[in-house]
There are 2 protein chains.
Amino acid sequence: MTQIADRPTTTPAPEPSVSPSIDTAWLGEYLLGQWAEARHTSRALMALPEFQRQEGLSLAEQRQRVFGQLALLVESKGVHRAFPKSLGGNEDHGGNIAAFEEIVTADPSLQIKSGVQWGLFGAAVLHLGTEKHHNKFLPGIMSLEVPGAFAMTETGHGSDVAAIGTTATYDEKTDEFVINTPFRAAWKDYLGNAAIHGVACVVFAQLIVAGVNHGVHALYLPIRNDKGEFLPGIGGEDDGPKGGLNGIDNGRLHFDHVRVPRENLLNRYGDVDENGVYTSSIASPGRRFFTMIGTLVQGRVSLDGASTVASKLALDIAITYGSQRRQFVAGSPTDEEVILDYGRHQRRLLPRLAQTYAMSFAHEKLLTAFDGVFSGKRATDADREDLETLAAALKPLSTWNALDILQEAREACGGAGFLAENRFTQLRADLDIYTTFEGDNNVLLQLVAKRLLTDYARKFSKADAGTMAGYVAGQVNEAVVNNFGLRRLAQNVKDFGSTSRSVGNVQSAAAQRQLLTDRVHTMVATLAANLRPASKLSPADAAALFNRNQNELIEAAKAHGELLQWEAFTDALAGIDDADTKKVLTWLRDLFGLTLIEKNLAWYLIHGRLSSGRAQAITRYIDDRLLPRLRPQALDLVKAFGFTPELVRAPIASGAEKIRQDEAREYYREQRASGAAPVLEKKPRR
Amino acid sequence: MTQIADRPTTTPAPEPSVSPSIDTAWLGEYLLGQWAEARHTSRALMALPEFQRQEGLSLAEQRQRVFGQLALLVESKGVHRAFPKSLGGNEDHGGNIAAFEEIVTADPSLQIKSGVQWGLFGAAVLHLGTEKHHNKFLPGIMSLEVPGAFAMTETGHGSDVAAIGTTATYDEKTDEFVINTPFRAAWKDYLGNAAIHGVACVVFAQLIVAGVNHGVHALYLPIRNDKGEFLPGIGGEDDGPKGGLNGIDNGRLHFDHVRVPRENLLNRYGDVDENGVYTSSIASPGRRFFTMIGTLVQGRVSLDGASTVASKLALDIAITYGSQRRQFVAGSPTDEEVILDYGRHQRRLLPRLAQTYAMSFAHEKLLTAFDGVFSGKRATDADREDLETLAAALKPLSTWNALDILQEAREACGGAGFLAENRFTQLRADLDIYTTFEGDNNVLLQLVAKRLLTDYARKFSKADAGTMAGYVAGQVNEAVVNNFGLRRLAQNVKDFGSTSRSVGNVQSAAAQRQLLTDRVHTMVATLAANLRPASKLSPADAAALFNRNQNELIEAAKAHGELLQWEAFTDALAGIDDADTKKVLTWLRDLFGLTLIEKNLAWYLIHGRLSSGRAQAITRYIDDRLLPRLRPQALDLVKAFGFTPELVRAPIASGAEKIRQDEAREYYREQRASGAAPVLEKKPRR
């Protein structure tokens, strides 16, 4: 019968009875990473009620409250870390993002509204402008005297910024730019601060000088007067209520031949001189565009981090509650079971906890890369390109994961999880848009896939198809040699019967790395082979070929991102000295790695990387070993996130549930002891 | 190189150039099913603005508006279909639920609030009470003179109703029941109408008569006076704002020795006579409990239907928009691509469209079964049991699917999808709780799994383990005979190279059925074998064994539910006469079936049901054949859902996007024709 058994019925060998003990204080600091101080400072602010979301406010009240909180942030010196020292900033780019990410614990609306003001509007002036712009515009932006919008996205061109329709045409007669919206689809849309609070904006437009389109450039443009009315030629609309982030006044803007002085062009990467001649330090228009857009990578970096913070918060609440809540009688004749002791509940929450740790460690690497580029410490073209690819790979994974984690945590708390006071639903509603703004996740993953293909192709720039084929075959051979190859039949025989033996080779870090890496390499090599004919096809046929592979391209990019997360987690293990902490975190990393492999098991089976026996052993190892080992560690693992009660706030995670459960159990215990308990009906009928 | 290619690079044979044409009008009626008239009537009401959700209201205003809408529903005679003819109803149970489900198009809060009043509070009196209760209480409930709560769930015992703490103790001295809340965890919680509007409730309590607990029974209990104040001994709290459904005033109730006359016991299944003697027509307390609870199955039935309606609405909006929206240049040198032409976009939306059709046809079967039981037409114990299992299998799938579909549709519309006016986010927020109320999805699926195991065990009640093992082996052999067996190696050789040949055997309906059925059977057989030792173990060890298999149990129940959906879709094909309509729906059913198999590909590979070659061919067949065939049908397939603009309402699905896109393309076309278009920078540099 065993030949079709999904899982061996033999009971696994007993675990050591003493469970290791994590050093949660040390681990907490380790998780906060290089910019722990900025995070602590930001958390201390966010623990104050005045920064926190308030339920029951109208749309107008929410917007006004969050706008008021921005002023408090200025007062608290919470938002100037990235600006020039000469203007009162710290030029601390990593610390700025770290502090910014923690704002999500108070209210994602506050996070994103401050992101609009200082991270987009202000950062565009800082990174796309030059000193004259810094001195003229940044003080007002920093002090919030000039709230502003980041007018890039258009109704008709969401993530395709290169194709925007707004134009800025140089008029040599008056030495001005004329900003114009040629049709409805070119209205700027979804802009925070545009509906009400913005008095200026940075507008992105096709820069046209003497009949030549130099591509997308940014200009500084006042939009409202002192009374909050639009300036002549400028119009707009309120985007109205949204699925979340309703503390932000998103809106639309359009321009009817609005004139700004030539100096308002943010001219770091492209300029027009007093003779009307366009110059740029970057010759290629394509590279220039990506360089300008690249300065805005911090949005993606910070969303990756904020999603990680929100995921930590959700798991802190759900795991705390799951450790206190009791439901249904299982093994005990009297006491109901703590729900986190159920196998399904562990399956729902613990792999997501491992995922969150992976996201946290991966984000620290991303933030370090970001700081390197923006501080100038590691800022070569290659560093910039790597940073952009890393951000494009991680932001989609973490923003999607955060929604998944928030939803599973919500459901794991049942009806209580649906109450606004317990935080999940509002955080989920607010973070929803993180998956499609600052670059739609599916679009970003295609950028990653293209980079993977480019890197792959570089190795073969001078090679012919035969070489490439050889390389691909070589990869497969490498896999074969390393025990995960196409020797399925042999493995089937060898693995049969013993879970512990067959999993032995897969659970090691080296095996996890090889399986995850091999998958990425093979997917990329396969795509390269599939897409190779494109260069010989008509544009339409090439597009059709690309289109047929689009889904796989995105899957390959995801696999790459997951590998990066796994590697970050594994690298982080090396920094842990305490033996118990290291042991538990290693189990957690294994859970992350094996869950990834399990999720893509069909791929590993189809490509002969795993035998059926090993594939099943992975699931068994997760259920029989890793989850039971990690169950007693779960509370410490969320405690290490370091959230104080003021940051958590959810009543179900306050200990109230334990008090309720204890009271109920005590009631029944006393009733039994006193003999006053009613007997069950069936007893007298016997 | 092909040996590692994920997908053959050969271009598939061209499809016939004339695409079939669906009879959308006929298909629309077919989808509305047996109770089409009730659905039309309900949709006509829901097309009126006074029934629809209004943005920007405060919590108090939302609650008051929805309460007012209930009165409008009474006036419109929209909610009395299920009640006795003698009291002005129609005794039309299927039609009642069908009409109720369509309310979700106006506002899920209105749906659930009316569900609380007439589907829970009213239905409890109807189904658990007897004629005296009907005559005394139903008129006020039907007219909304007596708004009421359904006081079953307790803070401490969400889905475990049998374990509730509230007691109703018979006092023979006064011939009354004394209703009491012994501890905080026994407070009734999450009850619609409890915070404000309810003046009565049906309360569920452990019925204690002369020291014997007869288990959970229901009693009718007034809770508020004319001024809206709690009656003596009754207290409560407002649950406050929630993640959605904020038109409903959910709240808590507790009772301090509140007395009601003996006659208030809803006594259809258990009664106490004037001598204080308990009697019941159902001897077994367990069966009695499940019979009482079983009368409330209509909640689950209607959530399955409402989730299906919401999914149809979401796909109507996203597919309409996806057919008009253009983004990024692909094959054409001038025009941007319609986004639904992208492979990834098709992968995101079309399998979900197939899923929604499957949900729709499966729901029609569920509703038919429900109507059979509640009309008395097909109401044996076995019919009831089947109905409950079917509802428990389908409700989890459709409520989870609805959230998934709403979210994917939201993301597929980018920033526009996040605007409240475009419906996705509010529907998603409201439907979130559908996954955990009226029976938590994970709990329901365990009920299904237990039923599957019971049915399985019945076949072997007198058989020994050897027989069972033989049966299991027999199943495998049956599979082998039928071409999906363990002959992987041979298949690997045979399949190699030709997608179309190797998929030939898998795409047929018979093959899909066999693969899906075989998986359910094998999973159940495996679980039965794994759990077999439980009877010989201590309760604690048996619980631990069960716990280790809990995740697989739930997966088996899901697989069973998916098979039922597939079978319903397949059965529905037989009712289609029009050849073109039948052809397209067959493709859609194939997409549904093959997507299910693809999702569980690892299982089929591990268990030798599919070779690697066939497994890959399934993915190829979906991407290269089914999606391209269904792409031109997508608009007709959502048109068949029959939603008028008043029901859809989302501006992005109104045609506005097409007007915007056409205007932009016309602008560029004119510019090119006039020679006024700015040249791109790189041109003059050549």
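**View 1. An open sheet of three strands in chain B of the predicted model.** The strands follow the order S4-S8-S7, and their pairing is antiparallel. Strand S4 (188–191) and strand S7 (234–238) of chain B stand at the edges of the sheet. Each of these edge strands has a single partner strand, so one side of each is left without a neighbour in the sheet. From one strand to the next, the twist averages 25 degrees. In general, the strands of a sheet pair through backbone hydrogen bonds, in either a parallel or an antiparallel manner.

**View 2. The pairing of S7(B) with strand S8 of chain B.** Strand S8 comprises residues 251–255 and pairs with S7(B) in the antiparallel sense. Five bridges join the two strands. Within this pairing, Gly235(B) has His254(B) in S8(B) as its bridge partner.

**View 3. Arg649(A) in a loop of chain A.** The loop that holds Arg649(A) lies between helix H24 (645–648) and helix H25 (656–674). Arg649(A) is not a glycine, yet it has a positive phi of about 65 degrees. Is this residue buried or exposed? Arg649(A) counts as buried because it has 21 C-beta neighbours inside 10 Å, and the cut-off for a buried residue is 20 or more.

**View 4. Lys77(B) in a loop of chain B.** Helix H3 (59–75) and helix H4 (93–102) of chain B are the two helices between which this loop is found. Lys77(B) also is not a glycine, and its phi is positive, at about 55 degrees. With 13 C-beta neighbours inside 10 Å, Lys77(B) counts as partly exposed.

Technical notes. Residues numbered from 1 in each chain as written. Chains lettered and ligands numbered in written order. Predicted model: local features only at pLDDT ≥ 70, side-chain atom pairs only at ≥ 80, totals over all residues. Helix = DSSP H or I, 4+ residues; strand = E, 2+ residues; numbered from the N terminus. Buried ≥ 20, exposed ≤ 12 C-beta atoms within 10 Å, placed from the backbone. Pairing = 2+ DSSP bridges. Axes fitted to C-alpha atoms, helices over the stretch in contact; angles between N-to-C directions.
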